[in-house]
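I opened this structure for the first time today. These are my notes, in the order I looked things up.

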Amino acid sequence: MMLTPAPAGAMSLLAEKESRPVHAEAISGVQGAEESNTNIAQKDHSVPSKGKHPEMGTYRVLSSPERRGQDEDCAERVLDDATKSGQKYAVCVEWLDPEDPAAEIVSPQETRTTGNVWCPTTSVDEVYATRTSICHSTPYLMTIIQVPTGKVGGHAYGVIEQEFNTEVRKPEWTEYINVTRDGGSGDGLLPMSISISADCAPKATCSQGFKPWSDNTPFPLYGAVDGIWERRWTGNPGPDDFLMGHTLDVDVAGSVPGTGKFEWSKGGQFAVRCDNLIAGFAGCVVPRFRPTYTISDSYPAARDYYGRIQASLPSHPGWEGHGDPLHREADTDVMESNRDKVCDTTTWVKEDHFGGKPSGDPLAIECDEFPFAATKESGAQAGISSGKECQQWTVWPGGSGGWESSDFVAPAYAAPHGDAPCARASMTRRDNGGAGTGLSNFYQNNRVMDSEGFWLASGAGSANTRQKAHTPQSCTLKAPSISNVDADAPPESNFLNYSQTTQSGWTGGDSTYSVKLPDGRTLWMFSDTFLGPENGDGTRPLSAPLVNSSFVVQDGSNLTTITGGTESSPKAILPPRKPGYWYWLGGGKITNVDGTNYLQVIFHEWHKFGDGDWEFRHEQNVLATFSLANLKEPLSVRQLPSTTNSTTNIQWGSGILPSTSSGDGYTYIYGVDDEPYQKSMHIARVRGGDLGGIWEFFDKSNNRWVLFESGSDGALTGVANEYSVTPWNGEFMLLTQDSMLAFNAEVYAYVSCDPAGSFVSKTLVYKMPETGLWGSYNDGEVYAYNAHVHPVLTQNGNRFTFSYNVNHLDTRVSPDGAHYRDTSIYKPRWVSFSVDTVSCYSCLRAN
């Protein structure tokens, strides 16, 4: 047969290399005059492990364990086979790799993408995949070896393109294959024909159509041969996994003067799985592609929630690149058990900031667990005994507190975060159900099998700590100068007279908070309250009721007591939710909601856990809202922040500075961590006047406001359980009993330009005279506590009145018990004082 001559350049190169052994010849290659001298290895051929295709969506690049580039044994093997069969040419076909010297053969401009498949042509042996498609497009190099001399006669090169496409809802898939011949040199320019066969294993349930072209199809230079195989799964119910392999046969120069065989399967990457186990219909997918469930932006709160859990849990469940995949749980009984364990109704506290919508409403609140109950990673399968061991979150409407425009989540108020690898949230039905339905659809649309892994995209990478920088108000700070201190200030005599004459009203109490009612009356609020009558000799009958909270309305000099229950059987304003628990109150305020005024009062729940007098602890904070027309019982009680992970939780409501007095539109809520002494001030605030709004907490160390209560740190050490912050002289005055020593009798004032401090210029205001062995009772068990100012009694902006409480360590119910033998002990005292200003250079520097 007449051979097509190679270009002069190629022939001269061949002549130069005739004496070289076939191994080196095949490896080094031949460069013809018609190719450029550009080395393809100099280009950047990095392949992304993941990407986005405009039509196919997200794809992943599956690495192949097959050897890439030229095989040194190939030349010897095909030469030996061709020699034995008496052929003139042996053909060695290999994938082209830029790292191999043979890459010099091909110019990068000529190793082109034909555009017949969706993946790019790369010079590395990689396979692209989506859940329903596999794509492979890689250059090959064909080396023509002359028999029997063993010399390289030339090369041919091109691209092999393949695209497999499955049907999620049909047991079928197709394979498109295209082989191009883009150039060559020497004997690589001779006429050729090719034949391709494809295998689908196991064959028993894989019905394969005819070859897309006949054997020995002409393979034109600068041309291509392509076609499509159709395959169908015939099994049931599955799942069945199929592997595809391919064989390329090459004939050179007609008749049988030279042949080559090239087999590839891409190391198992050409794999399809079919089943009839999902959604009631059969279908096929690409199992090597791990799909991703993306939480829709239509469910912003759920997306925010899952993202924050993925970011905060050490295991980062389902967060690609940071943690392990989630895995489907397909057993409905196990799913239900998972849900019941994480969202157990005995420990989950529903926190509703959407108006108390009825069940079934899109904004009704439900428990939403993560990782999902329909995954193997559910907290229940992680070994928890209760959902209280998980993180606790709650959803807020968009716009709350000026934080986010869309619905978002923040740490729940009900309980501290647990340490287990799970979370639960008070979530709207819309987001909980929407994300859950989306997960179910995702499982079906991607034919995700039981225990199969998947990723979750929920924005975890952007789940940073929400914070607002603290910008303190400024002023010319002056130190307080205290004068004209008067004990027995009004309304002390009113309460003394009332207690001596009432038959069933207030005769003693502590806490002693006050609120100006819209009609001008004053509401006094007390914790533990003795009710009348008192005996004429100043003692108290043993039958006198004691309730944990009460209100007293002052109208001029007239006082009226309000309790829960009935007159014959009085109860606390906020009754306990179970035996051994009770509520004491903190500060309160009038709040206008949608044009109606309400009374809001912060209560602290306590629990008696032992037999000792002091064996009780703070459990939680709640907000009780009252109609002004009926102060006997609250309209609603809702959870307030109670989640600090410490031995003593923060009692919020030590004092309240309303938004009308704060100077920045925020209502400030002050709290204390109840250490025995040296107690620390904590500060929270809400935008506007509603205490039911979203609370943000002052992180003094970082000068910022955050949404998690545990981020609050001590703004000042030495405050009491109850104290006050009030406006004064363009500044803010803190008044508190000093707690640097236990049972300290001294009351101090501090000043600051800002409601959040720093509070400086500590100034003595008063020493409570009743306390201790050398006090007015000459009784070492008498103590005084919890001084705070009453803005309802402030005069002319510089004349203030504060109250404090007096108590006794003897709590016996007996005639000689302290509270029964002398009713004067357990009563508040009121003290008035004036505050003037002096220059304070040191406090200017401190503030």
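**Entry 1: helix H4.** I am working with a predicted model. I began with helix H4, residues 300–312, and checked its length. Its 13 residues should span 18 Å at 1.5 Å a residue. I found the end C-alpha atoms 18 Å apart, which agrees. Next I listed the buried residues of H4; among them are Ala 301, Asp 304, Tyr 305, Arg 308 and Gln 310. What do the buried residues of H4 pack against? I noted strands E19 (365–370), E20 (391–396), E21 (408–411) and E22 (423–428), along with H6 and E23.

**Entry 2: the sheet with E23.** I followed E23 next. An open sheet of 3 strands runs in the order E17-E23-E18, and its pairing is mixed. I looked at the E17 side. E17 and strand E23 (residues 453–457) run parallel and are joined by 3 bridges. There I saw Tyr 293 opposite Leu 456 in E23. Helix H6, residues 429–445, lies across E17 and E23. H6 runs at about 150° to E17.

**Entry 3: the whole protein.** I stepped back for totals. I count 10 helices and 51 strands in the protein. Of its 847 residues, 56% count as buried. The accessible surface comes to about 34,100 Å², and 48% of that belongs to carbon and sulfur atoms. I also looked at contacts with a separation of 6 or more: residues 24 or more positions apart account for 66% of them.

**Entry 4: confidence.** The mean pLDDT is 88, and 89% of the residues reach 70 or more. Where does the pLDDT fall below 50? One such stretch is residues 1–48, which has 96 contacts in the model beyond near neighbours in sequence. Another is residues 66–70, with 23 such contacts. I keep in mind that low pLDDT means the predicted coordinates should not be read in detail.

**Entry 5: strand E5.** Is strand E5 enclosed or open? I found 13 of the 14 residues of E5 (residues 133–146) buried, so the strand is largely enclosed by the rest of the structure. I then went through its partners.

- Strand E3 (residues 89–95) pairs with E5 in the antiparallel sense over 7 bridges; Tyr 89 has Gln 146 as its bridge partner in E5.
- Strand E4 (residues 126–129) pairs antiparallel with E5 over 2 bridges. Ala 129 meets Ile 134 there as its bridge partner. A hairpin of 3 residues joins E4 to E5.
- Strand E6 (residues 152–166) runs antiparallel to E5, with 13 bridges. Ile 145 has Val 152 as its bridge partner in E6. The hairpin of E5 and E6 has 5 residues between the strands, and Gly 150 in it takes a positive phi near 80°.

**Entry 6: a second open sheet.** I moved on to 4 strands in the order E35-E36-E37-E38, with antiparallel pairing. E35 (581–593) and E38 (636–639) each have a single partner strand, so one side of each is left without a neighbour in the sheet. Neighbouring strands here are turned by 25° against each other on average, direction ignored. E37 (residues 616–627) pairs with E38 over 4 bridges. Leu 623 has Arg 638 in E38 as its bridge partner.

**Entry 7: Thr 476.** Thr 476 sits between strands E24 (467–469) and E25 (478–486). Buried or exposed? I read a relative accessible area of 59% for Thr 476, so it is exposed. Thr 476 and Asn 729 are 253 residues apart in sequence. Their C-alpha atoms are 9.8 Å apart in space.

Notes: Residues numbered from 1 in each chain as written. Predicted model: local features only at pLDDT ≥ 70, side-chain atom pairs only at ≥ 80, totals over all residues. Heavy atoms only, no water. Pairing = 2+ DSSP bridges. Contact = heavy atoms within 4.5 Å. Axes fitted to C-alpha atoms, helices over the stretch in contact; angles between N-to-C directions. Expected span 1.5 Å × (residues − 1). Buried < 20%, exposed > 50% of the residue type's maximum accessible area, 1.4 Å probe, protein only. Areas by Shrake-Rupley, 256 points an atom, 1.4 Å probe, with all protein chains shown as cover. pLDDT = per-residue confidence, 0-100.
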